[in-house]
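Here are some notes for a colleague opening this entry for the first time. Please keep the structure in view while reading them.

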Amino acid sequence: MSRIFSGIQPSGELHVGNYLGAVKNWVQLQDRHECIYCVVDYHAITGSYQPDDLRQRTRDMAVSLLAAGLDPDKCTLFVQSMVPEHTELAWILNTVTPLGELERQTQFKDKASRQESVLAGLLNYPVLQAADILLYRAELVPVGEDQVQHLELTREIARRWNARFGTQFFPEPQPLLTPTRRIMGLDGQTKMSKSLGNTVGLLESPEAVWQKLRPAMTDPARVRRTDPGTPEICNIYHLHRAFSDAATVEHVAVECRTAGWGCIDCKKVLFESMMAQLTPIRERAAELRAHPERITEILHDGAARCRALAQDTMREVKTWMGLA
Ligand code: TRP
């Protein structure tokens with residue numbers, strides 16, 4: 001069994017986009033691999049934030065992940081700042097990371113261009129990410145397309161550290177690209193994202209989900225009820241592909257192309273398919289929230305397991321490097 005590591009920002013409750021784009025895959029992987037999943041609060045402080053808010057968002061993310069199906073008996077879930085070795089290794093890896101590579105990262109350039117003063121933590125973000133992965137000597141990293149460049153840099157850092165200290169201690173981790181294509185927001189314009197306010201929360205009530213689905217963007221060519229549509233360009237159809245069974249997806253496509261259904265009919269069917277998947281998730285979240293001590297215990301156990309692994313790595317790293 002190869003070891004898997006992945007991290008997610010503490011953005012609060014999961015939405016349908018990050019569930020389908022990442023977390024659903026994480027849930028499937030835990031049956032076949034040794035999986036370590038991390039809520040990356042040290043990464044989150046590279047942007048502006050409020051401390052109390054971060055604490056809550058970290059907790060909400062953990063609840064969402066467990067509700068979505070991460071099972072503490074099958075995988076390890078923890079919060080990054082509970083394992084101090086992440087920052088310790090990040091410092092060490094900084095000493096073998098070329099500045100030019102950091103400056104070339106697309107995500108850094110995007111974020112830096114939108115800020116008046118660029119902080120070193122933003123530049124060094126990918127080094128901390130490399131430390132997350134290498135600390136556990138993980139071989140596979142399930143991520144979306146947008147993280148591939150960070151993964152390439154992680155491999156480069158591993159190679160350089162290995163070369164500098166004459167060992168093959170760190171494996172070069174490979175990305176495991178998430179099979180689902182990216183989910184668009186309800187505006188149908190850009191990807192679903194919390195900052196754009198176009199999300200459906202994974203734990204939202206059925207009423208709230210329907211209130212969002214009803215006015216959601218569809219194929220703009222279907223102005224009148226009788227206008228035939230093109231499913232492939234409709235975001236609602238893409239959500240069907242993620243939530244409905246194959247026969248329903250086929251049926252939806254036919255009814256859209258022939259204007260047999262109006263968009264509202266199509267959305268009602270989608271709503272039912274979504275509820276079939278989301279209701280058990282919502283119920284698990286409610287049950288966890290009723291037992292907050294259980295959440296705390298899961299995160300403590302996860303951190304304890306990770307700390308033991310991390311300490312083993314650091315002991316070896318320090319030996320190779322002549323550190324105390
Ligand atoms: N940068 C990743 C993101 O924004 C989150 C992340 C942090 C991560 N550390 C990681 C992902 C390690 C994979 C492995 O999505």
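1. In this predicted model, the α4 side of the α4–α8 contact consists of Glu85, His86, Thr87, Leu89, Ala90, Leu93 and Asn94. These meet Val127, Leu128, Ala130, Ala131, Asp132, Leu134 and Leu135 of α8. Sorted by class, the contact has nine nonpolar, three polar and two charged residues.

2. As for geometry, α4 spans residues 85-94 and α8 spans residues 125-135. The two helices pack at an angle of about 115 degrees, and their axes are 8 Å apart. Their crossing is right-handed.

3. The largest nonpolar core has 57 residues. Those touching the most other members are Val16, Tyr37, Leu65, Leu202, Leu213, Phe243 and Met274. Helix α13 (residues 263-289) supplies the largest share of this core, nine residues. Domain 1 (3-183 + 292-321) and domain 2 (204-285) each contribute at least three residues to this core.

4. Apart from neighbours within four places in sequence, Leu65 is in contact with Ile8, Leu14, Val23, Trp26, Val39, Leu70 and Leu77. There is also a second, separate core of 40 residues, with Val40, Leu102, Leu151 and Ala158 among them.

5. Is Leu309 buried, partly exposed or exposed? Its relative accessible area is 26%, so Leu309 counts as partly exposed. Leu309 lies in helix α14 (residues 292-321). Neighbours within four places in sequence aside, Leu309 is in contact with Arg3, Ile36, Leu135 and Tyr136. Between Leu309 and Leu213 there are 45 Å in space, C-alpha to C-alpha, and the two are 96 residues apart in sequence.

Conventions:
Residues are numbered from 1 along each chain as its sequence is written. This is a predicted model: local features need pLDDT of at least 70, side-chain atom pairs count only at pLDDT 80 or more; totals for chains, interfaces and linings use all residues. Side-chain values use heavy atoms; hydrogens and water are left out. Axes are lines fitted to C-alpha atoms, for helices over the stretch in contact, and angles run from 0 to 180 degrees between N-to-C directions. Helices (H or I, at least four residues) and strands (E, at least two) are DSSP runs, numbered from the N terminus. A crossing is left-handed if the near helix is turned anticlockwise from the far one by less than a right angle, and right-handed if clockwise. Contact means heavy atoms within 4.5 Å. Ala, Val, Leu, Ile, Met, Phe, Trp, Tyr, Cys and Pro count as nonpolar, Asp, Glu, Lys and Arg as charged, and the others, Gly among them, as polar. A nonpolar core is a set of buried Ala, Val, Leu, Ile, Met, Phe, Trp, Tyr and Cys residues joined through side-chain atoms within 4.5 Å. Buried means under 20% relative accessible area, exposed over 50%, partly exposed in between (1.4 Å probe, protein chains only). Domain bounds come from an automatic or database domain assignment.
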